[in-house]
Amino acid sequence: MFQYKVEAVRASTSATPLYDVPFKATESTLDNWTTVTTDEVNRLISSSLNKTCQLDPVPTWLVKEMRELLAPFIAVLCNRSLITGCFPSEFKQAIVRPLLKKSGLDATDLKNYRPVSNLSFLSKLLERVVQSRLQVFLDSNELMPSQQSAYRQHHSTDTAVLKVYNDLLVAADSGLVSAVCLLDLTAAFDTVDHDLLLLRLERQFGLSNVTLLWFRSYLCGRSYRVWFAGAASRTVACSVPQGSVLGPRLFIMYSANLADKAEEHDVNFYGYADDTQLYVHCRPEEITATSAKLVVQSRLQVYGFCRTSLVN
């Protein structure tokens, strides 16, 4: 069911040409990764949750207990991956468990399930190593979108709601009316186009050389097995891995230019992951023209995800 949904979404936009990602000037580029130390690996293992995947050869609690012995070897593995720009193929496998989206839904209807990926402990540990380095680069160069509350420090769904609600109240106090368009992308994480994402990492965020090669290796050649009724493995042609460490950040970087498109058309924008709020303010007599502008902008948002997702 999950596979069919993704295939249907991509098929509906297959004729749309790949979005031409513009180059965005950045003060610095991220060409290579800094070396991983044994102490860093030790700390990452120690702070990990005691969750174990079926792909793990030993339980996580045992790895944590033996971390002093294992950390030097894991550090060598991580450094080899970062230096060569190669994400180990064994780490690209996932076990998918179908879980009900909400309690009380009909368990016999497959549409009520969402795929939850379980990845091996070492694969997520390597992702955490890369995540820490990537985040330092993004924060130091102020590259993360300011109109996005997801996966940002000191931000949450609360900040997203308060931002939009406050803007609406300020407009009302000034005698203006507001029109709001709420966009929810269908299978947003599962339909991320790899070519488009890599272009954005390179042209808009300054990733190059080994770092870009590493992300290409990380995204390509992934597969999953559904832990239900013995389903066979399937390869993944698109998406950022759900259940991964880097997936949410990559999606934010993938969709970062939507705020620029909104600004071009004088439309307010704020988002939380794949949930987008577009809104405009105007005088009561300008409602018709302003609402039309909002409709045009919502269509441009969809175009920004061409070959990727549809909007509910």
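Begin at the start of helix α7. There, a side-chain oxygen of Asp 193 comes to within 3.1 Å of the backbone nitrogen of Asp 195. Keep in mind that this is a predicted model. What lies over them?

Now step back to the whole chain. It has eleven helices and seven strands. Of its 312 residues, 45% count as buried. Consider the contacts in the chain with a separation of 6 or more: residues 24 or more positions apart account for 76% of them.

Move on to α9, residues 247–254. This helix is mostly covered too: seven of its eight residues are buried. The list runs Gly 247, Pro 248, Leu 250, Phe 251, Ile 252, Met 253 and Tyr 254. Among the elements that cover these residues are α5 (121–140), α7 (194–203) and α8 (209–219).

How do two packed helices get described? By the angle between their axes and the distance between the axes. For α5 and α9, the angle is about 35° and the axes are 11 Å apart. On the α5 side, the contact uses Glu 127, Gln 131, Leu 134, Gln 135 and Leu 138. On the α9 side, it uses Gly 247, Arg 249 and Met 253. By class, the α5 and α9 residues in this contact divide into three nonpolar, three polar and two charged.

Helix α5 also packs against α4, residues 67–84. Here the angle is about 60°, and the axes are 11 Å apart. That angle makes α4 oblique to α5. The crossing of α4 past α5 is right-handed. From α4 come Ile 74, Cys 78, Ser 81 and Leu 82. From α5 come Leu 122, Leu 125, Leu 126, Val 129, Val 130 and Arg 133. What classes of residue make up the contact of α4 with α5? Eight are nonpolar, one is polar and one is charged.

An α-helix has 3.6 residues a turn, so residues three or four places apart point the same way. Look back at both contact lists with that in mind.

Arg 133 is worth a stop. It lies in helix α5 and takes part in the contact with α4. Is Arg 133 buried or exposed? Its relative accessibility is 12%, so Arg 133 counts as buried; the cut-off for buried is under 20%. Its side chain reaches the backbone oxygen of Val 129 at 3.1 Å. Leaving aside residues up to four places away in sequence, Arg 133 touches Trp 33, Thr 34, Thr 35, Val 36, Glu 40 and Leu 82.

With a relative accessible area of 0%, Ala 71 is buried. Which residues does Ala 71 touch, not counting those up to four places away in sequence? They are Thr 38, Val 41 and Asn 42. Glu 40 is 31 residues from Ala 71 along the chain, yet their C-alpha atoms are separated by 8.7 Å.

Pro 72 is also found in helix α4. At 33% relative accessibility, Pro 72 counts as partly exposed. Pro 72 and Asn 42 are 30 residues apart in sequence; from C-alpha to C-alpha, they are 8.6 Å apart in space.

Most residues other than glycine have a negative phi. Which way does Glu 142 go, positive or negative? Glu 142 is not a glycine, but its phi is positive, at about 50°. This residue belongs to the loop between α5 and α6. Glu 142 has a relative accessible area of 71%, so it is exposed.

His 154 lies in the loop between α5 and α6 as well. Its phi is near 65°, a positive value in a residue other than glycine. At 71% relative accessibility, His 154 counts as exposed.

Terms used. Residues numbered from 1 in each chain as written. Predicted model: local features only at pLDDT ≥ 70, side-chain atom pairs only at ≥ 80, totals over all residues. Heavy atoms only, no water. Buried < 20%, exposed > 50% of the residue type's maximum accessible area, 1.4 Å probe, protein only. Helix = DSSP H or I, 4+ residues; strand = E, 2+ residues; numbered from the N terminus. Contact = heavy atoms within 4.5 Å. Axes fitted to C-alpha atoms, helices over the stretch in contact; angles between N-to-C directions. Parallel < 35°, antiparallel > 145°, perpendicular 65-115°, else oblique. Left-handed = near helix turned anticlockwise from the far one by under 90°. Nonpolar A, V, L, I, M, F, W, Y, C, P; charged D, E, K, R; others polar. Polar contact = N/O pair within 3.5 Å; in protein donor to acceptor, adjacent residues only side chain to side chain.
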